[in-house]
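Please open the model in your viewer and keep the sequence alongside, so that each selection can be followed in both.

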Amino acid sequence: MIKACIFDLDGVIVDTAKYHYTAWKRLANEIGLDLTLEENEQLKGVSRMQTLEIILKKGNLQDKFTPEEKVALTTRKNDWYLGFVVKMDENEVLEGVEDFLKTLQNNNIKIGLGSASKNAPKILEVTGMAKYFEVVIDGGKVKKSKPDPETFLLGAEGLGVLPSEAVVFEDSYKGLTAAINGGFYTVGIGSSEILGEAHLVLDGVKDMTLDKLHSMNI
Ligand code: BG6
Ligand code: MG
């Protein structure tokens, strides 16, 4: 019996993945590097500082900056990102998400959020989605980021369910791996080329139904 759904935020609930990419690409360009869409796939679901480290490593620049300079770089990226966030409202919620969350509520299925983003609470607030989430695990609450399962395990614990009773919705390979590592049922949101290991792959939450949810653990 599925008792809970835990959603990733960026790229699942809202289309913020494009804003993260734009801001990281701008930062990469400023330090003389490029960032392709393909490379960006590896950055999805990764924490802010780890993302910077991956980008720096690409240009062999890991040792060029002091820890303080690295913090300053991530702060710059985040300021640009927040420039997009302040303009966000409920129109940025992806198609079908709110309807599905209402369906879950009406059927007593618990709802949690498991995101690597420290901006997650703010984004839930500006998009009017905060009211649906009983538990929010964001980037500030975990020690180990995805693909470690900690984010989703804390989410399940907060909701009082076992991983085997919960479905995780993820658009990133690292996030999907985290959910699989934690023993959850998984719905990949995006391409089956990247998310083929998920129990179910959909274009968006708009394609999810209660029937599909309950048939996952039969
Ligand atoms: C993840 C995104 O959800 O959060 C990443 O997929 C992002 O792209 C990460 O870098 C950290 O986000 P933030 O908002 O804390 O910088
Ligand atoms: Mg995501």
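Begin with the second largest pocket, which holds about 210 Å³ of space in what is a predicted model. To display its lining, select G11, D15, A17, E41, K44, D171, I189, G190, S191, I194 and L195. Colouring this selection by class gives four nonpolar, three polar and four charged residues. Both domain 1 (4–15 + 92–215) and domain 2 (17–85) give residues to this lining, so the second largest pocket lies between them.

Next, colour the chain by domain, taking residues 4–15 together with 92–215 as domain 1 and residues 17–85 as domain 2. The centres of the two domains, taken over C-alpha atoms, are separated by 24 Å, and the contact takes 16 residues from domain 1 and 16 residues from domain 2.

Now move to the largest pocket, whose volume is about 550 Å³. Of the 33 residues that line the largest pocket, those to centre the view on are V46, S47, R48, A116 and S117, the closest to its centre. The lining of the largest pocket again draws on both domains, with at least three residues from domain 1 and at least three from domain 2. A colouring by class here shows nine nonpolar, 13 polar and eleven charged residues.

Six strands form an open sheet, and reading across it the order is β3-β2-β1-β4-β5-β6, with parallel pairing. At the edges are β3 (135–137) and β6 (200–202), each of which pairs on one side only. From one strand to the next the twist averages 20°.

Which strand pairs with β3 in the parallel sense over three bridges? Selecting residues 110–114 brings up strand β2, the partner in question. To look at an individual bridge, pick G114, whose bridge partner in β3 is I137.

How values were computed. Residues numbered from 1 in each chain as written. Chains lettered and ligands numbered in written order. Predicted model: local features only at pLDDT ≥ 70, side-chain atom pairs only at ≥ 80, totals over all residues. Heavy atoms only, no water. 1 Å grid on protein atoms, 1.4 Å probe; cavity = no way out; pocket = protein on both sides within 12 Å on 5 of 7 lines; lining within 4 Å. Points joined across faces, edges and corners; volume = space filled by probe spheres on them. Nonpolar A, V, L, I, M, F, W, Y, C, P; charged D, E, K, R; others polar. Domains from an automatic or database assignment. Pairing = 2+ DSSP bridges. Helix = DSSP H or I, 4+ residues; strand = E, 2+ residues; numbered from the N terminus. Axes fitted to C-alpha atoms, helices over the stretch in contact; angles between N-to-C directions. Contact = heavy atoms within 4.5 Å.
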